Each structure stands twice: as structure tokens, then as C-alpha cells.
Amino acid sequence: MEYGTARSVHISELAWPEYDARVRDGKTPVLIPVGALEQHGPHMSMNPDVLLPTAISERVADRIRALVAPPIAYGYKSQQKSGGGNHMPGTTSLDGLTVTSTIRDVLKELARHGVRRTVLVNGHYENSAFIVEGVDLAQRELRWDGIRDFSTVVLSYWDFVTQEAIDDIYQGEFPGWAVEHGGVLETSLMLHLHPHLVDMEKVCDHAPAQFPPYDFFPIKPEWTPASGCLSSAKRASAQHGETLLKVCVDGISRELARAFD
């Protein structure tokens, strides 16, 4: 398939009769990108956590005959050891209860429409637990209403990056996903998908951030590199981004076809 483009699969672009016809039998999966508004260093815009899962969702939906819901554009509070910290300018976050309630409400509304297969495509590391809680509450309340065939897959797109791709891109210097914030993964994908939102001349090339094996509150701002990134994006390239997009779309498409079989 063409990894650079995808046909329109967005619910928001459909008239309601077409949407109704496509989802009322419960067979069409709906993908929901879940992101955040979070700083990603001086070299990149603050919306990769929304743009990247949305782009991946579009291409997966094209493969498995699914639809894409409007993304949830705000996420849980940035944590210092995975996103630089919620003290950084521009980062705009929600309380965990708000994230959980939003997930619950959106899933219940989709179920009301007839949707029975949903996928939450996470693009923000800190969202994970609150997504799961929202799914749990939605399914519990739907059972109270007699709906017992509503299913949800929860995934984070970076978990589908293969070891082969990691070896090829990082050349033995992979720092781990937790400190890849603003690093090679996100920057490469953005260079491939939205190059106008990246300025590689402003990349701060520094060693991966190191933290003690505990969290401290209130946070100590000096623990976060001044750039806001937790590792260097110097190795990033549009070519790497194309590779990363392909392995994520292939892997997610394959696993969703299996999950909903």
C-alpha cells in the first residue's frame, strides 16, 4: 500500500446517514487516537502525540476497513521521567479523572450508535492507565444496559516497532521508549509525515536523560534537560520515519485483524 497517503476514513467527514449505515451492524471497527498537547523540544511542534497516532490510525483503517474517530487531543499530565514534566511551557494536561471520563463517555456514545469494535491508539506514554480505566468503566456500564458484545483493543503505537527496525535506526544506541520523548522516533515520524513542523537545525544533541529509580514530588525541574527532550533527535530522518510508519501500520493492522477475527 501507499504509506504516505490514506483515503478519508474520518467519522467527522461523513454525513450521519452514511455513518449510520457503516456502523449500525457492529462490524466496522472504530479507531480513536488518544494524544496530548506536550512540548517536544525546541525543534518540533507540540502536537506529535496527536498527529502520529492519527496518521497511523488513518492508514490502519484503510487496511482493515475501519473508521477513525476525532482524536482526543489532550492527555494526562506529562511525567518528568517520560515526557519532561508538566512544568514545561506549552504542555497542557488533564487530570486523570478527566481522561478516564472522556474515554468512558466516548466509548459509550459509540456503543449507542451501534459500534461494537473499538481501538484506542495511544500516542502519549502517560495516558495508558487512564485509558484502561475508561474502558473498564465503559464496559461495566454498558453491561448494565444489556450490551455485552462491545470490545476494545488498547495499544500504544511504539510497541509495534520491531527489533529489526530498532537495530537499523539506533545502531546499538537505543535509549528505551521512556526517554525517547522528543527523540529519534517521534522526530523521524514527524519528518516523514509533517516535515514543516520540524526544524532539525534546532535539535539539542545531548546524552539520554538519567533519573533515579523513583519519582519525586514536587518535581525537581533541574532533572529535566533544558531542551525538554529526554534524548537526542540527531539521528532522526524522514527515511527512518517511513520505516517506522510502515512497521507500525503493518503490525497494528495484522494484530487487529486477528483480534477481531
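**The second largest cavity and its surroundings**

Guide: The lining of the second largest cavity comprises 5 nonpolar, 2 polar and 2 charged residues. In this classification Ala, Val, Leu, Ile, Met, Phe, Trp, Tyr, Cys and Pro are nonpolar, Asp, Glu, Lys and Arg are charged, and the others, Gly among them, are polar. The model is predicted, so that local features need pLDDT of at least 70 and side-chain atom pairs count only at pLDDT 80 or more, whereas totals for chains, interfaces and linings use all residues. Residues are numbered from 1 along each chain as its sequence is written, and side-chain values use heavy atoms, with hydrogens and water left out.

The residues lining this cavity are Gln79, Gln80, Lys81, Tyr214, Asp215, Phe216, Phe217, Ile219 and Trp223. Its volume is about 60 Å³. On a 1 Å grid over the protein atoms alone, a cavity is a set of points where a 1.4 Å probe fits but cannot get out; a pocket is an open set with protein on both sides within 12 Å along at least five of seven lines; lining residues have an atom within 4 Å of a point. Grid points are joined across faces, edges and corners, and a volume is the space filled by probe spheres set on the points.

Phe217, one of the lining residues, is joined to Pro218 by a cis peptide bond with omega of about -5°. Pro218 belongs to the loop between helix H7 (184-193) and helix H8 (238-259). Helices (H or I, at least four residues) and strands (E, at least two) are DSSP runs numbered from the N terminus.

The structure holds 2 cavities of 30 Å³ or more. The largest pocket, in turn, holds about 210 Å³. Its lining has 13 residues, with Glu173, Val184, Pro208, Ser232 and Arg235 nearest the centre; 5 of the lining residues are nonpolar, 3 polar and 5 charged.

Turning to the sheet, 4 strands form an open arrangement with parallel pairing, in the order E2-E1-E3-E4. Strand E2 (67-68) and strand E4 (151-156) are at the edges with a single partner strand each, so one side of each has no neighbour in the sheet. Two strands pair if DSSP finds at least two bridges between them. Strand E1 (residues 30-34) and strand E3 (residues 117-122) run parallel and are joined by 5 bridges, with Pro33 opposite Val121 in E3. In the loop between H2 and E2 lies Arg65, which has a positive phi of about 60° although it is not a glycine.
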